[in-house]
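Take a look at the structure below. Let us walk through it step by step.

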Amino acid sequence: MKTLSSTWKEMKKYRHSYLMIAPYYLPFLVFTVFSVLMAMGLSFSYFNVLETPRLIGWQNYINLFLQDDIFSIAMKNTFLFVAITGPASFILCFFVAWVINEMRPKVRAAITLVFYAPTLAGVSAFAIWKFVFSGSEYGLVNAFLLKAGLLMEPLTYLKDIRFILPILIVVQLWMSLGHSFLAFIAGLQTVDRKLYEAAAVDGVRNRWQELWYITLPVMRPFLLFGAVMQIAQSFGVSAVSINLLGFPTTKYAGRTIVTHLMDYGIIRYEMGYASAIATILFLMQVIFNKTVQRGLKRIGE
Amino acid sequence: MKNNTLKYRLTLLITFMVLPLLPAESWYSYNYSYWEKPVPAPEAYRHSEILRGEDFGAGAFREPEDLFISPDGDMYIADGGNNRIVVLSPTRETRIIDSFTNKGVRDNFNRPEGLFVDSRGILYVADTLNRRVVALNADFESLNIITRPDSDILREEYEFFPSKVGVDKAGRLYVLGPGMYEGMMEFDRSGRFHGFIGSNRVTFNLWKYLMRTIATKEQREKMQIFIPQEYRNLDIDGRGFLYTTTRDEDQKTPIKKHNAEGLDILTREGFFPPSGDISVSYSETASYVGKSFFADIAVDDSGDIYYALDSKRGRVFTYNSEGQLLFLFGGAGEPDGCFTDASAVDLYGNEVYVLDKVKGSITVFSPTEYGNLILEAQQSQSRGEYRRAEELWTTILRRNSNYDPAYTGIGKSLLRSGSFREAMDNFRMGYNKKSFSKAYKYYRQEVMKDHFSLIVLFIAAAAVGLILILRLRDRNREKRKRKFLGPEPSQGERILYGFRILAHPFDGHYDLKFRAIGTWGSAAAWTALIIFSITFNMQMTSFLFNEVNTVTVKLQFEVAKVLIALFVFVLANWTVTSIMGGEGSFRSIFISTAYSGIPIVLVFVPMALLSNFLILEEGAYYYVMESIAVMYSLFLLIAGNMTIHNYSLWKTVSTLVLTVVTIAIMAFLALLFITFIGQVWSFVSAIYKEVIFRI
């Protein structure tokens with residue numbers, strides 16, 4: 001009670017500051033915090049948008065984990081994105097940024113554009129991949145393999161469950177180079193050159209030590225931002241799957257938690273069930289973010 | 001009482017006297033286990049009769065090539081060497097067709113190699129050396145004669161030598177022959193050529209492909225060209241599916257089932273795709289080299305069971321529609337029931353008839369009691385009578401407890417009746433991972449549903465506990481840091497220092513070496529932990545993901561393997577780095593290598609336990625986590641190498657590559673040494689024998 005009243009006192013004291021952040025904070029409270037809490041509440045109910053929600057306890061979660069085989073496919077795919085695409089993209093982003101940072105400013109600008117282009121292009125970029133992996137003999141991959149004599153007839157990559165997931169991972173990797181990449185480039189620019197000179201005097205011998213003891217610690221806020229972005233992106237993969245592979249995908253091979261959520265929320269209007277999926281997704285993201293942040297805090301210690 | 005023992009002894013004596021007179025089971029019957037090992041099995045079929053041409057007044061057969069038994073029991077034999085067809089009725093009366101009426105003129109066969117009788121009773125003969133297929137009616141008048149089709153899809157130089165024919169219910173005629181690489185020739189009812197169906201794929205071989213791309217034009221011309229294999233033989237089941245065999249050492253699918261489009265739709269759900277003998281010798285000195293060669297195939301009308309005849313070893317492999325090997329019989333050699341050059345197989349009821357080209361005889365095989373049980377169980381199962389099938393499979397298991405398809409059969413019945421736990425046990429016994437996973441999925445669902453609130457509670461409690469532990473850790477952080485900085489750390493602290501390496505690879509390895517935290521003892525402790533976690537993983541990983549036979553695996557070998565691998569790596573790395581200016585000693589290399597295995601210890605043990613809660617589709621969790629652990633270990637190894645040798649990254653990577661090369665050289669030298677010792681030993685023992693002999 002005491003802390004609460006003291007908090008209230010503090011708030012009163014800084015009421016001008018609170019007023020200042022209100023334009024952002026109020027919409028955030030209403031459209032984010034409130035909706036997350038509402039989704040958590042709805043996840044214990046049956047709600048089809050037309051009737052009033054009916055409380056059904058854990059039933060949605062029981063169905064989700066025990067009955068819904070497609071959800072377990074979605075979980076598995078999302079896990080693969082988080083475990084493979086996330087870290088791979090994070091490391092790739094950093095190294096590309098690191099290499100580009102050494103270049104002359106004009107070249108750097110050009111190459112930055114090249115790497116950022118996929119994110120700018122957005123949905124229209126899928127047309128390229130559709131062309132690359134086209135199931136006809138004119139698709140790039142098919143054409144090359146046919147010409148090399150490795151294939152007898154074209155393969156339908158985007159409809160074949162053997163290829164769906166690897167393709168999804170590759171395209172997602174390519175798409176996800178955007179935000180964190182820019183953040184890293186910006187971060188690298190902020191590193192003070194004097195620090196390197198000082199370190200050289202203090203006995204840093206090679207580039208790796210430079211990287212580990214100076215660049216990374218200085219860049220820690222940018223790395224944290226990049227990691228949060230990557231994790232959010234990996235958990236939220238859906239546009240690639242829907243635009244490239246269709247919705248639903250063949251045998252649900254390309255299903256992710258978010259496409260599963262969209263299926264139940266937007267198509268079937270089973271909002272209670274969709275809320276349960278969303279709650280699980282939210283909890284997983286929170287836990288994962290916390291873990292990664294703990295890990296990143298130790299860099300350069 | 002006394003009388004009784006005497007009687008007993010007498011029986012025993014008689015048994016032993018009679019035993020050698022019984023048909024010797026030298027053609028040893030077996031089935032393949034999941035681990036590619038032949039396991040002895042009771043005989044499912046036994047030869048009951050041998051039919052020779054001379055016994056029925058038809059004269060001896062000469063190089064008979066094909067055999068066909070019509071639904072009413074007439075047996076047609078393409079007696080190629082005598083240029084005739086012999087028909088043997090069920091009452092053993094013979095008819096000999098050595099000529100027929102072709103548009104009012106007598107005409108003869110020239111080495112007919114294949115024949116087929118369709119449902120209307122029309123006899124189709126592949127009159128091979130006359131380069132035609134002849135369709136004859138019951139009065140042996142030719143209805144139709146098919147010669148080389150005049151079509152531009154045929155190659156110019158193609159010579160039409162039809163050797164096998166088959167007709168489906170719709171009257172479509174399929175013809176096979178040597179040099180027909182494009183597949184099977186299909187003719188319609190009136191004998192018009194329709195095209196080829198179901199061509200075999202060219203088997204792709206990366207090595208050959210690379211050789212071809214770098215070879216000069218002259219060299220390329222000398223090389224063997226890539227052409228698809230032609231089919232050897234065919235059969236048609238009651239539903240009109242074509243079964244074919246191919247002679248193909250490279251291909252994994254010598255047996256195929258074609259639908260009307262010519263696509264291969266054979267189910268291959270057994271331990272191995274149907275391809276005959278699995279553990280075969282490729283050495284030049286073996287009596288039979290390489291894979292089975294299927295000369296013929298016979299399918300029963302329902303399509304549930306097919307018999308593929310391996311002419312190389314004279315064995316008949318029997319598969320069910322799932323592609324499981326049910327049993328095999330026959331063998332190579334002179335005795336009855338064995339073959340020198342088996343050329344054709346066909347079915348009549350449950351009896352199997354096998355034609356031997358060299359012996360010129362037909363061997364009739366009848367199912368034994370055991371074989372009958374299997375056939376019956378198989379039929380009940382495909383009819384959906386799972387209860388009945390379960391009883392039969394249980395009886396079969398009493399005769400052969402190693403019979404894996406029976407466990408699967410029982411499991412399927414139990415799965416249907418909802419006893420998932422028992423079904424799981426049976427699928428495990430039958431090594432049926434797919435079905436086990438399915439049964440386990442239902443079982444897991446059941447258990448989780450019963451205890452859902454408990455599980456949620458447990459997860460919540462675990463989460464709260466974890467948060468508390470982490471809080472506590474954060475509070476003690478500073479204290480722990482100081483503790484590690486002690487000048488004389490205890491052995492336990494030295495070992496626990498490994499956890500610091502996880503988060504600080506470079507500093508950790510630096511401290512291990514330069515602040516003398518790593519010792520022989522602490523590294524040995526980590527080595528022991530690595531060995532423990534690897535062997536633990538080997539033993540405790542769920543049956544679904546475990547590729548190691550937990551029963552036959554020898555623990556001491558596995559321990560020795562890890563130890564030798566570690567020792568060889570450290571030795572090789574030390575050898576390479578001492579030449580390349582590395583600063584690490586043998587001791588520090590060993591220490592850093594042992595400490596680098598920490599991710600393996602941390603992940604392999606929990607993942608082995610966790611895998612027992614996963615089904616096959618969730619294998620990704622297991623595999624990804626384990627590969628991350630191995631990759632992180634590799635990263636730590638590189639970091640350690642960089643630190644202790646004071647190398648740059650590229651130098652480290654290149655020394656590691658050189659280390660691998662050195663390991664290969666060491667293995668080669670070891671092999672050489674062992675061979676040399678063997679030679680010396682045989683030389684010494686030969687001299688010793690000579691000396692002993694002369695004295």
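What follows moves from the overall model to chain A, then to strands and cores.

This is a predicted model. Its scores are ipTM 0.80 and pTM 0.83. In chain B the mean pLDDT is 87, and 93% of the residues reach 70 or more. One stretch needs care. Residues 18-27 of chain B have a pLDDT below 50. Beyond near neighbours in sequence, this stretch makes six contacts in the model. Where pLDDT is low, predicted coordinates should not be read in detail.

Turn to chain A. It holds 15 helices and two strands. Its C-alpha trace spans about 80 × 70 × 30 Å along the principal axes. Of the 301 residues in chain A, 28% are buried. Now consider the contacts in chain A with a separation of 6 or more. Residues 24 or more positions apart account for 67% of them.

Next, find strand 6 of chain B, residues 84-88. Is this strand largely enclosed or open? Four of its five residues are buried, so strand 6 of chain B is largely enclosed by the rest of the structure.

Which strands pair with strand 6 of chain B? One is strand 5 of chain B, residues 75-79. These two strands pair in the antiparallel sense over five bridges. They form a hairpin with four residues between them. In that turn, N83(B) has a positive phi of about 50°.

Strand 7 of chain B, residues 94-97, also pairs with strand 6 of chain B. This pairing is antiparallel too, over four bridges. The hairpin of strands 6 and 7 of chain B has five residues between the strands. Here R92(B) takes a positive phi near 65°.

Follow V87(B) across both pairings. V87(B) is the bridge partner of Y76(B). V87(B) also stands opposite R95(B) in strand 7 of chain B.

Now look at the cores. In soluble globular proteins, nonpolar side chains tend to be buried together. In this model, the largest nonpolar core has 99 residues. Within this core, L115(B) and V354(B) have the most contacts. At least three residues of the core come from each of domain 1 (58-300) and domain 2 (388-450) of chain B. A second, separate core has 55 residues, including M75(A), L244(A), L261(A) and L281(A).

What does L115(B) touch, leaving aside its neighbours within four places in sequence? Its contacts include Y76(B), A78(B) and I85(B). Among the others are D66(B), F68(B), L123(B) and V165(B).

How values were computed. Residues are numbered from 1 along each chain as its sequence is written. Chains are lettered from A and ligands numbered from 1 in the order in which they are written. A residue is buried if 20 or more other C-beta atoms lie within 10 Å of its own, exposed if 12 or fewer, and partly exposed in between; C-beta atoms are placed from the backbone. Two strands pair if DSSP finds at least two bridges between them. Two residues are in contact if their C-beta atoms, placed from the backbone, lie within 7 Å. pLDDT is the predictor's confidence in each residue, from 0 to 100. A nonpolar core is a set of buried Ala, Val, Leu, Ile, Met, Phe, Trp, Tyr and Cys residues joined through C-beta atoms within 7 Å. Domain bounds come from an automatic or database domain assignment.
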